[in-house]
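Subject: Structure for your files

Hello,

Here is the structure you were to receive, with the sequence alongside. My notes follow below it.

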Amino acid sequence: MTLDRTTVNGCVKSVSTAFELLDCFRGAHELGVSDLARRLGVAKSTVHRLLTTLCIRGLVEKNAETGLYQLGLHLLELGQLAASRFQLSQSALPLLEDVRQRTGCTVHLAVPEGADVLYVERLHSLNGVRLFANVGRRLPAHCASSGKAIAAFDPAFAELRLAAGFPAVAPSTIRTPAAWDRALDETRRRGVALSRDEATVGLMSLAAPVRDRAGRARAAISIGGPARDVAHRIERSAPLVILAANKLARHLYL
């Protein structure tokens, strides 16, 4: 299906119209094509194309009995995910700040996202240097300490990364299944995961998993900075990161 790619003020028009369509359901449980076209001020054919796409993605569903449309269950799933991550971030912030004050390092909170880790919170180091500005908010799990920390205690997440492969991001990035398995075994033995020159040359990070009552890792707290600084702080910093991760787990899952 070819969507209208016309842009308005930098936005894709068809995407903007799709969101406006979803907003129409704020005041109605079910709506038909004609009603939606009238509310949006667009042609019925446009509404029908948008509805077809949204139905395929599970964002909208068609009631077979009435022939009308309603919001889909995938929106509920996304809403619950967003709410849980918001709660995770809000609960974690005081703990992240404590770790930053005690270590002076940049502190992250990361969650699994497909075969990657998504950084949902980041408190920059106290020296004001934004070391991770060029890394972005998402990294392949195999090149991040947070990814290893989560994968070591979540076999399904570890398998997703294995299936996706191990693209080289930096000179020391894990590149083989055997190296991935060794890294996860080492993480389980240590209780923390380490990453050095695996995402960015010259940087090192240390992460601990946030585990639920079943022992599955749901997130990870990490610190990072110049490798020369983090390396000599591992023995002192690792217990602090583990303690913060365990406190967050108790608050959320126990």
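Which residues in H1 meet which residues in H3? On the H1 side they are Ser-14, Thr-17, Ala-18, Leu-21 and Leu-22, and on the H3 side Val-47, Leu-50, Leu-51 and Leu-54. Sorted by class, this contact has seven nonpolar residues, two polar ones and no charged ones.

Please keep in mind that this is a predicted model. The average pLDDT of the protein is 89, and 91% of the residues score at least 70. Where pLDDT is low, the predicted coordinates should not be read in detail.

Back to the two helices. H1 covers residues 13-23 and H3 covers residues 44-56. Their axes lie 10 Å apart, and the helices pack at an angle of about 80 degrees. An angle from 65 to 115 degrees counts as roughly perpendicular, so H1 and H3 are roughly perpendicular to each other.

The other item concerns two strands. S8 (residues 193-196) and S9 (residues 203-211) run antiparallel and are joined by four bridges. One of the pairs is Ser-195 with its bridge partner Ser-205 in S9. Together S8 and S9 form a hairpin, with six residues between the strands. In the turn, Asp-197 has a positive phi of about 60 degrees. As for the faces of S8, Ala-193 and Ser-195 are on the covered one, whereas Leu-194 and Arg-196 are on the uncovered one.

Regards

How values were computed
Residues numbered from 1 in each chain as written. Predicted model: local features only at pLDDT ≥ 70, side-chain atom pairs only at ≥ 80, totals over all residues. Heavy atoms only, no water. Axes fitted to C-alpha atoms, helices over the stretch in contact; angles between N-to-C directions. Parallel < 35°, antiparallel > 145°, perpendicular 65-115°, else oblique. Contact = heavy atoms within 4.5 Å. Nonpolar A, V, L, I, M, F, W, Y, C, P; charged D, E, K, R; others polar. pLDDT = per-residue confidence, 0-100. Buried < 20%, exposed > 50% of the residue type's maximum accessible area, 1.4 Å probe, protein only. Pairing = 2+ DSSP bridges.
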